[in-house]
Amino acid sequence: MTRIFDLEIGNDEQMMRKKNEDTVEMSISDLMKKDHEKSGTRVLPGESKFTIGFTVIQGKEIDFGKHFNFSERSIVIGRDKSNQICLADEKVSKSHCEINIIRNSEFEQVIVKDMDSTNGTYVNGKFINKEVLKPGDKIGIGDTVLQVSYNDDIEEEYHTRLFRLAVTDALTGLYNRWYIFNELENQCKIARRNNRIFTLVILDIDNFKQLNDTYGHLAGDDYLRKLSFVINQSLREQDICGRVGGEEFLIILPETRLEGAFNMTNRIRGQIEKIEVSHRGHTIKTTISAGISQFDRHISDSRTLFELADLALQKAKKAGKNMIITTDAI
């Protein structure tokens, strides 16, 4: 390593530098021990009030900023959705690498191990087969980089709230436009690669501008919140919903064909038709219309899929509203 300059350093500063270097070299286990030493208690495996976390600091937009807690003895990182940490990066193998905590009465180590991945696993830019992780280490897999962190409960809550603020719509609590369109792109890639299908629903509130003009925007906000709650409660765990416009919503239904998507959306339509919102002595109610398209290998990209669903939605609007039309009926 080339030295650019030298400085005269006093004893105090030398001691401080040595202390900083020692801290960098400490393992997560060492830091846990020091925390307990300060509190006068003996460290027992698994008893630390601190948790180990992984934050995506580089990668696909849909993954960027995600934070994962490490609460198990072993987790797998990869592209497959069955993994504890699932990434949208196409260069990541289905089961790319494994993280293990090795514990005994004396120490605790966190180890990353490559699982014969296609593109390899790296720690701080160095190719590895197995490596002991320290706080601040960067794990590189595909185009994604995860940073290892050592957090207490307050920091965990901070990471969770920060990501939630970045991806959710403040009014409705659903995913925002940025996140849902990135998820749509990701679903198209997954479906094309694995020869799977999914459906896309564009849902629009009928006469929403008139509702706002008549009762005011606060009344409109109240209605949007209640409608969003009904939609969210009607979906399965794997379904994804986001608000993409003032009164427009996008729903992604994985592993679902047109018929199943129509039935689910029609149930939602019936529930929304019954919604009543009280505002300053007035009872506010309206309906929705929706268009549905299904992904198949003949569709080139997410934009085409969206345009097909939007075309079906516009036909539903022109046909009298409060109805659902699928692309096979256009």
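Mentor: Keep in mind that this is a predicted model. We start with serine 302, which belongs to helix H8, spanning residues 302–318.

Trainee: Is serine 302 buried or exposed?

Mentor: Buried means under 20% relative accessible area. Serine 302 has a relative accessible area of 12%, so this residue is buried.

Trainee: Which residues is serine 302 in contact with, leaving aside its neighbours within four places in sequence?

Mentor: Those residues are Leu184, Glu185 and Cys188. With glutamate 185 there is a polar contact, side chain to side chain, at 2.7 Å.

Trainee: Now the pockets. How is empty space found?

Mentor: A probe the size of a water molecule is rolled over the atoms, and this shows where space is left empty. Here the largest pocket holds about 500 Å³ of space.

Trainee: Which residues lie nearest the centre of the largest pocket?

Mentor: Ile62, Lys66, Tyr175, Tyr179 and Glu183 do, out of 21 lining residues. By type, the lining has eleven nonpolar, three polar and seven charged residues.

Trainee: Which helix supplies the largest share of that lining?

Mentor: H4 does, with five residues. Helix H3 (153–167) and helix H4 (177–194) each supply at least two.

Trainee: What of the second largest pocket?

Mentor: The second largest pocket has about 350 Å³ of space. Its lining consists of 15 residues, with Lys81, Ile190, Asn194, Arg196 and Glu255 nearest the centre. H4 gives the most to this lining, again five residues. The lining residues here are five nonpolar, three polar and seven charged.

Methods. Residues numbered from 1 in each chain as written. Predicted model: local features only at pLDDT ≥ 70, side-chain atom pairs only at ≥ 80, totals over all residues. Heavy atoms only, no water. Helix = DSSP H or I, 4+ residues; strand = E, 2+ residues; numbered from the N terminus. Buried < 20%, exposed > 50% of the residue type's maximum accessible area, 1.4 Å probe, protein only. Polar contact = N/O pair within 3.5 Å; in protein donor to acceptor, adjacent residues only side chain to side chain. Contact = heavy atoms within 4.5 Å. 1 Å grid on protein atoms, 1.4 Å probe; cavity = no way out; pocket = protein on both sides within 12 Å on 5 of 7 lines; lining within 4 Å. Points joined across faces, edges and corners; volume = space filled by probe spheres on them. Nonpolar A, V, L, I, M, F, W, Y, C, P; charged D, E, K, R; others polar.
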